[in-house]
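Welcome to this short briefing. Take a look at the model first, then follow the points below with it in view.

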Amino acid sequence: MNSKANLRTALILITVIALVSVGLKVKPILKNYDDFNPQIAYKVNYNYFFKSKDNSSTVVKTFIPKSNSRQRISSEQIKNDSTLLFAKKITKNGNVRGIWGTDSRKTYHTVNYEFIFEGKDRVYTIPKQFNSVSEKYDRYLAPTNNIQSDHIKISDLATRLGQNTQNDNEVIKNIFDHVYSIPSAPIITLTDALTAIEQNRASCNGKSRLFVAICRNLGYPARIKGGIIVENTNKRTSHVWAEVLINQTWIPFDALNNHYASIPANYLEIYEGDEFLITHTPDIQFDYTYQINEVNHISFLKMNSEEISELSSISLWSIVEAGIMPKNALNLLLLLPIGGLLVAFLRNVVGVKTFGVFLPVLIAFSLLHIGFISGMILFVTLILLVGLISYPFDKIGLLYTPKLVISLTIMVGLMIIATMVGIRYNIAWLTTLTFFPTIILTIAAERFSRATVEDGYKMAIDKLFQTLLATAICYALLSWSWLPSILIIFPECILLIITCAMLLGRYIGIRWVEFYRFKPLFN
Amino acid sequence: MFSTISHMKSRKESKVIGLNERNIKLIYPNNPKKHYPLADDKVLTKEILHQYDIPCAETYAVIEYNSDIKKAWAYCKKYNTMAIKPANGCGGGGIKIIRKDLDNNWTTSGKVISEREIFQHMAATIMGFFSLGSHDRVLIEECIEPHPFFHEIYPQGVPDFRIITLDKKPLMGMLRMPTDRSDGKANLHQKGVGIGVNMEKGTLTQVYDGKLYYDHHPDSKFVVKDVPIPYWEEILEISVATAKAFPLNYLGIDIVIDKIKGPQIMEINVRPGLGIQLVNKEGLKNSILKTNR
């Protein structure tokens, strides 16, 4: 009894220490709560190199991004030598332009324009019927040199795409599908809308212009949008897509990368209109790169890296900053105990029965990569297929371990075949199979096939269903994007998990499913 | 939500024990893990039973190595019927009842089986085919013929009593019976039925099939209510003797009544299931209170 009392004291002590340590950090964190909640954060750096002219002044102009509802631009820094004059100007369609000018002759100049970009993705739902548009948007309906929306070929195509449609939504879908189906080609030179039709191949700028041209022809105000797809790399390519004005909102469409009425988190919006990102005085030596680096951030905190490190010595931020451990691996490590606790709760308090104790957590992790619905379907298919294929081997009467090896081999074989089929026919979700924890999945399949023999297929299916339920619940918890960040700032939670597990371990209450099982005894 | 709360209240009154409470309050403190093999290994169980002269099926042979199969068989051949079991089998897998027919052929489940096939079965058992890959022993023992009392209730299969003991005292009991749908098996979750037992009077109470209660066996319509159990005093005696013989304080003891020799211990279980509460319409906590009064 004494050791029990000691244990209880120790547990209370651990809990109190953990809670106090959490409490000390809570206040500054609440103060710095960030309701913008970006999904990603990158440091972007425009690097320009040029040699000024020998007979006149030289100017380099570029567009500069602005914050909006889905992107935040901050920590802007401009570095250039003192002979360059910098000015910001707002153009007539609302873009911001940075202009560097110099009167010096035949000298080399570098310009660094740096900022932090934080972005969120957006998915829009389009109404069936659109409201009529006021006259002030007329310029988004007018043809231009490169967007020949009044050309007969464009008109023909637009009429064809508009046929047999019930509403505006379907028209836009038709236009998008048509432009998306045009083969893409890495054409660097300018492709106008007409050329895109004639060549039947185009890159982002040709496709966007064609999309805009068809929309304008059918009376939907549309415009080109320019920016950069940010990735953790140095690049020279910028990107353009299109926007259509639907009920006072500009809705994004990227007919090259198949983003229909949606925009991914890593699209940096820089300007609108059919413009060039960089313009400079003709006939000068000019070169550029975009230097892009991912920044460690915590989505719900308005703090930079140093501020987070100063928050408390008890946090895992230093591991994140050191960059030795891949972020995903760290997240997985931190989420495992939480997932385990959830499974313990589901088993001992709810009474859910699953194949394999921690299988639901591990499958839920794979689902984060694969996607929930296709992942669940793949998971069930794999279990059923492996169970089915290994059934004849069960019948022959093989020793347990060698039989397990056969199932494992079948599982690996299925994964490889599915991946190959996926690559051959370009079916993305089939190539994600290797994210599954192979061995644990095999053991689950083995248990499933044994359960069908021992308890009947009805019980086995029932248990499989319960496993799926537990997996779905784990997925719901693990897919909460704040969770890893919270654990990084509050690693004390791990101690609290131990306390919770101790409490669960001594829980003698009736499991929820036992209320149902022993129902006749409760009346 | 409110229904859950009202359930909680009635749970307190009904004294039902759930899996969590069974594990923490009954199994962990009463059954030390190091003694589990005494119950899980049928050969070890029988060694102790024989040692204390507790009635159980006579052991004909125990085979540990393939090389001993022929020798053991030479000895066992003289019997007309026997049960061949894996010592560590689970869920009844690998148990074969064989008997001689009129032409002196060995048969199992009504089909003729050659000596060669019997040897193969024994060799497979030794290789661990029925015990998840670990080496195992073969137990050959006397085949128990059920008492005619059972035939009145239901004529087929082997019914058995399950007595739960705590601290060497019988707590609760039930009679497990096969049905038309259970394929000769008497287990509740294999579609057999459980019949409640009045521990004080030694009579049967009601039949439970996993869903509903009846006062008769669902197939034979034999009314069980208040039917006295033959040999009831002996059943209680050998249960207590068994509980005293083992260093395990919470047991599920399986007993069959042989038509000549009376009650025999079949096997003992360190993790007895909780369905017995449903069969008896009583929570285990309640019977613990009653027994210790």
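This is a predicted model: local features need pLDDT of at least 70, side-chain atom pairs count only at pLDDT 80 or more; totals for chains, interfaces and linings use all residues.

Two residues are in contact if their C-beta atoms, placed from the backbone, lie within 7 Å.

**Chain A as a whole**
- Chain A contains 18 helices and 15 strands.
- Its C-alpha trace spans about 95 × 60 × 50 Å along the principal axes.
- Of the 523 residues in chain A, buried ones make up 31%.
- Take the contacts in chain A between residues at least 6 apart in sequence: 74% of them join residues at least 24 apart.

**A helix wrapped by others: H9 of chain A**
- Helix H9 of chain A covers residues 359–370, which makes 12 residues.
- From its first C-alpha to its last, H9(A) reaches 16 Å, close to the 16 Å expected at 1.5 Å a residue.
- Is H9(A) largely enclosed by the rest of the structure, or largely open, and why? Because 10 of its 12 residues are buried, H9(A) is largely enclosed by the rest of the structure.
- The buried residues of H9(A) include A:Leu359, A:Val361, A:Ile363, A:Phe365 and A:Ile370.
- What covers the buried residues of H9(A)? The cover includes four helices of chain A: H8 (327–350), H10 (372–389), H13 (438–454) and H14 (457–478).

- In soluble globular proteins, nonpolar side chains tend to be buried together.
- Here the largest nonpolar core has 51 residues, and B:Leu175, B:Met177, B:Ile195, B:Leu251 and B:Ile255 are those with the most contacts inside it.
- Strand E12 of chain B (residues 250–258) gives this core its largest share, six residues.
- Another core, of 47 residues, lies apart from it, and A:Val343, A:Val361, A:Ile363 and A:Ala460 are among its members.
- Once neighbours within four places in sequence are left aside, B:Leu175 is in contact with B:Pro159, B:Phe161, B:Ile195, B:Val197 and B:Leu204.

**A hairpin in chain B**
- Strands E12(B) and E13(B), the latter made of residues 262–269, run antiparallel and are joined by seven bridges.
- The hairpin between E12(B) and E13(B) passes through three residues.
- Which residue in E13(B) does B:Ile253 stand opposite? The residue opposite B:Ile253 is B:Ile268.

**An open sheet in chain A**
- Four strands of chain A form an open sheet with antiparallel pairing, in the order E4-E5-E2-E14.
- Strands E4 (85–90) and E14 (278–280) of chain A are the edge strands, each pairing on one side only.
- On average, neighbouring strands of this sheet are turned by 20 degrees against each other, direction ignored.
- Strand E2 of chain A (residues 58–64) is joined to E14(A) by three bridges, and the two run antiparallel.
- A:Lys61 has A:Thr279 in E14(A) as its bridge partner.

- You will find A:Val513 in helix H17 of chain A, residues 512–517.
- A:Val513 is partly exposed, because 16 other C-beta atoms lie within 10 Å.
- Leaving out neighbours within four places in sequence, A:Val513 is in contact with A:Val350 and A:Gly351.
- Between A:Val513 and A:Pro127 there are 44 Å in space, C-alpha to C-alpha, and the two are 386 residues apart in sequence.

Terms used: Residues are numbered from 1 along each chain as its sequence is written. Chains are lettered from A and ligands numbered from 1 in the order in which they are written. A nonpolar core is a set of buried Ala, Val, Leu, Ile, Met, Phe, Trp, Tyr and Cys residues joined through C-beta atoms within 7 Å. A residue is buried if 20 or more other C-beta atoms lie within 10 Å of its own, exposed if 12 or fewer, and partly exposed in between; C-beta atoms are placed from the backbone. The expected span of a helix is 1.5 Å times one less than its number of residues. Two strands pair if DSSP finds at least two bridges between them. Axes are lines fitted to C-alpha atoms, for helices over the stretch in contact, and angles run from 0 to 180 degrees between N-to-C directions.
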